[in-house]
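Subject: Structure for you to look at

Hello,

Here is the structure I promised to pass on. Please open it first, then read my notes below.

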Amino acid sequence: MEPLKTNQQGKRKRLVLSLPLIKKIVGEVESGMPRKKAIAKYGMAPGTLDAWMVKFGSKEFRAQNKRCYSAGQKRSALRALDSGMSSAQAAIICGVKNPSLIRQWKSEYQRKNVDISITNPPIMPQKKSAENDSEEVRALKKALAESQMQNKALNTLIDVAEEMLKIDIRKKPGAKQSSK
């Protein structure tokens, strides 16, 4: 099969192949044909081949080539996005192969309404009546729970950073202060 030709506007023509031929191409790649060679031989875009490998590839091949990311890696990538980095920068720093994965994780977290980090402390009520004391206690309990969750998130961040950078970040108890 010859590579795709372009039309008069210089755009590539859409590749339309039969299902048996698609499965044949996927089988060739699974049996060892380099992806670049298959792309050149059949004149397709790399993304098309990737999509076919996911859709029509064997379960063993998909599992073998699928990278699993820990929850800590996902959280650190999402925090990097929140700090103002682009998804490409966050992918490089967090060791994620594809920046679109980070955007996908972000949309999943937004759908689930999971707050990655708590930035605003809760506002405490100003009233001091007997009825409002119970509200104040509830607000204090809520603030305590949120601060405990924030503390846990920060400790997780430190753990992930220590693991990724292979250094001790936490200060050892009883360590001498530097004299300046």
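Of the 180 residues of the chain, 25% count as buried. Keep in mind that this is a predicted model.

Overall fold. The chain has eight helices and zero strands. Along the sequence the pattern therefore reads α-α-α-α-α-α-α-α. Among contacts with a separation of 6 or more, 47% join residues 24 or more positions apart.

Helix α1. This helix covers residues 19–30. Its twelve residues should span 16 Å at 1.5 Å a residue. The end C-alpha atoms are 16 Å apart, so expectation and model agree. Which residues of α1 are buried? They are Ile22, Ile25, Val26, Glu28 and Val29. Viewed down the axis of α1, the buried residues fall within an arc of 160 degrees, so they line one face of the helix. The cover over these buried residues includes α2 (35–42) and α3. Just after α1 comes Gly32, with a positive phi of about 125 degrees.

Two helix pairs deserve a look. Two packed helices are described by the angle between their axes and the distance between the axes.

α1 with α3. Helix α3 is formed by residues 46–56. The axes of α1 and α3 come within 10 Å and cross at roughly 95 degrees. An angle of 65 to 115 degrees counts as roughly perpendicular, so α1 is roughly perpendicular to α3. On the α1 side, the contact is made by Leu19, Ile22, Lys23, Ile25, Val26, Val29 and Glu30. On the α3 side, Leu49, Trp52, Met53 and Phe56 make it. By class, the residues of this contact are nine nonpolar, no polar and two charged.

α5 with α7. Helix α5 holds residues 71–82, and helix α7 holds residues 99–112. Their axes are 10 Å apart, and the packing angle is about 90 degrees. That makes α5 roughly perpendicular to α7. Which residues of α5 and α7 meet? From α5 come Lys74, Arg75, Ala77, Leu78 and Leu81. From α7 come Ile102, Trp105, Lys106 and Tyr109. This contact of α5 with α7 has six nonpolar, no polar and three charged residues.

Best wishes

Technical notes:
Residues are numbered from 1 along each chain as its sequence is written. This is a predicted model: local features need pLDDT of at least 70, side-chain atom pairs count only at pLDDT 80 or more; totals for chains, interfaces and linings use all residues. Side-chain values use heavy atoms; hydrogens and water are left out. Axes are lines fitted to C-alpha atoms, for helices over the stretch in contact, and angles run from 0 to 180 degrees between N-to-C directions. Helices (H or I, at least four residues) and strands (E, at least two) are DSSP runs, numbered from the N terminus. Angles under 35 degrees count as roughly parallel, over 145 as roughly antiparallel, 65 to 115 as roughly perpendicular and the rest as oblique. Contact means heavy atoms within 4.5 Å. Ala, Val, Leu, Ile, Met, Phe, Trp, Tyr, Cys and Pro count as nonpolar, Asp, Glu, Lys and Arg as charged, and the others, Gly among them, as polar. The expected span of a helix is 1.5 Å times one less than its number of residues. Buried means under 20% relative accessible area, exposed over 50%, partly exposed in between (1.4 Å probe, protein chains only). The arc is that of the directions from the helix axis to the C-beta atoms.
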